[in-house]
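Dear colleague,

I am handing over a structure that I would like you to look through before we discuss it. My notes on what was found in it follow below.

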Amino acid sequence: MPRQPSPGERPAADRRVRPRRRSGPDGRLGGRLGGRLGGRLGGWPRGPGRAAWSRPAFAVAVICACSFTASLVLQATLYRDGSGDADEAAYVLQARMLLDGHLTLDAATMEPFFRPWLTGEHDGRLFTKYLPGWPALLAASQAVFATMTVAPALVAAGWVAGTYRLARELLDDAASAVLAAALLAGSPLVVVHTALPLAYACGAATLTLASAALLRGARTGARRSLLGGGAGVGFALLLRPFDAVLVLAAVVVFALARLRREPRAIPARVGWAVLGAAPFVAVLLVFCRSVTGSALRMPLSASDPLDRFGFGPRRILPSEPTFVFTRHLALRALEQTCTAAPGWLFGGVVVLALAAVGAVGARRRAQRLLLVATVAAVAGGYLFWWGSAFAMPGLRDGLGPHYHLAAVTPILILAADGARRLWSAAAALPRAAALRPVAAGVVAVTMVLLTASALPGKVDGQRWVNGRNAFLAALLPDTYPAPAVVVVTPQVPSRYTQVPYQTLRNRPDLRGGVLYAADLGPATATLPDRVPGRALYRLRPDEIADPAASASFYGSFTALRQVSGERITVHLTARLPAGVPPGAFAYVRLGAVTRTFPATPPAGHHIEATIVVTAGKPAGVGEIGAGAATLPGELVVGLVQPTAAGPARWEERIPLARRPATGALTLLTPGLGWRTVPGRAAAGWLPAPVRPTLAVAVGLG
């Protein structure tokens, strides 16, 4: 007779195939049916017969470590200076403000030359448009690790772990959960955003972890999960409140629907979750009260009421142009977002097809509906956000569909489940043992190739940004002889230096050895009085050395000098080539007054003249009075030279202002050079130096 097993001993066959019994998401033990499903679907038991390296937790830990490392490597290489998005400077500034113990900045100190990008003003104080959650993490990273790069890397690892936990909670299948985590870690959109100091990835990762904890807590009643999930909800409100509403509304409805048969458990479980969220909600209310004057007024809308959801005139700041956001633009942005999305997900269109398969599964239909509803809520919610239209140029090779990052996790969980369903269904095919691995390998290789084919454009775009940053850095000196202020003059004027050049950032206290000031045109003449004791320079990256030369290089860095007094002498010298046609002349202009100096024989190739700009009334034709001029203004010294192809023109435009206390004039020299080139009349005035053709010397008269 066969030997009967002793008490407590299981048959060998049972030890091999019997899966670990665990609670299903509906609160019931996965009994015989659960065991059979686990065996068919490839659940990973943790019995003593399994090698440690094959356990799901270990696999996820490896993926987390890879994501963490990839983030650090990318931050040190391809994204060493960020993506080029000026918003990164705002997050870093706010993190540095928190490290200094400040929530706001003094507007009088910052205005008008040093005001940071994306700041609003209330009661004489400047505040950033963003909530403090992500800046606080960046600040903590800097305080603990002496670098902010660790925070995005931790987000990368946490997002992977959260995806595994959410997939395991919803689908109750370890293999699908590990696959979902791997798909997330390999998606370019996730890889890019977890290597940047932007809050989008942190918001999506936090919502993923919070959803997993809340669902588990609602199912099991585990207080730790409910507290953790509530804390995640609260922290998400400190990151991106709109995303939190879009994602967690469906999660809360789902959890409460699952508890409808246990109504007595609802108050306690909701209470523990609310308790976890309460401290963060309190921080949110106190922060808003401190910076905007109202606990219920967010910084985003407080900085500009036109920066809100919906259609109509929209604007990011009062200083910026108004943008009309229409329904047509919204639909176009959604269409382009959907078109660009496959290039940002691992596997491209294949992973979306797998997600469609996962969405129509009959098993755990409510859980699948939750994932589909989350994707629909994110896509539908951002249909009404005007920033989605602004994001269109970068959807393919820039930052991608970054507003929709919260939809990535549910899509990839559905895709992982779809892959598992197809794998299980293929077992019924003839010669499945041989065909299934081959088919899976072909699909995997196809997904890798699709992902790789979408990368070159993204990498090239970032290399262009890096090249631009390197060019900018090469124009600046390595050291300065004294504390300095660099006036930044872009081709398109901006009062925020971070908009055209996001790497040019100041410390919140403006105590750095080098400060970067916005070029505000003629008003820049008053800058030296705001920063006494500092040397002044101008950085003009778009200046063309010689617009008449086809391969002329760009960029200039020039020392500036302030000249102040009641009478300012301007001496000009113009040198014209021999044989120039008659009619050349130089001029000095201030407001509506112009003094002209024609080229006359015998020195027709040479013009030399002196004019005095006086704070009072002019004493004769050799003077120009600033009393009737609108100041600040430009003192323009120019030259016109006739040619067969049309007139060539040179102008040096010098910012000129009046000191309020004394009435004395003050200007910065040299001014900005501009040229028009015969044959390029359509290009208009081009930023270019005017010397040696036109030399301007300024001094006290």
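Helices, as named in these notes, are DSSP runs of H or I with at least four residues, strands are runs of E with at least two, and both are numbered from the N terminus. Please keep in mind throughout that this is a predicted model.

I begin with the backbone. Ala146, which lies in the loop between helix H6 (133-145) and H7, has a phi near 65°, a positive value in a residue other than glycine. Arg431, found in the loop between H19 and helix H20 (432-453), likewise has a positive phi, near 55°. Most residues other than glycine have a negative phi, and most peptide bonds are trans. Are these two residues buried or exposed? Ala146 is exposed, with a relative accessible area of 60%, and Arg431 is exposed too, at 68%, where the cut-off for that word is over 50%.

There are also cis peptide bonds to report. One joins Glu111 and Pro112, with omega at about -10°, and Pro112 has its place in the loop between helix H5 (107-110) and strand E2 (119-122). Another runs from Arg691 to Pro692, with omega near 10°, and Pro692 is found in the loop between strand E19 (686-687) and strand E20 (694-700).

If residues up to four places away in sequence are not counted, the contacts of Trp159 include Leu184, Val190, Ala201, Leu405, Val408 and Thr409.

Val408 and Thr409 also belong to the buried part of H19, which includes Pro410, Ile411, Asp417 and Arg420 as well. Among the elements that cover the buried residues of H19 are helix H7 (150-171), helix H8 (174-186), H10 and helix H17 (365-381). As a check on the geometry of helix H19 (residues 408-425), its 18 residues at 1.5 Å a residue should span 26 Å, the expected span being 1.5 Å times one less than the number of residues. The end C-alpha atoms of H19 are 26 Å apart, so the model agrees with that expectation.

Terms used
Residues numbered from 1 in each chain as written. Predicted model: local features only at pLDDT ≥ 70, side-chain atom pairs only at ≥ 80, totals over all residues. Heavy atoms only, no water. Contact = heavy atoms within 4.5 Å. Buried < 20%, exposed > 50% of the residue type's maximum accessible area, 1.4 Å probe, protein only.
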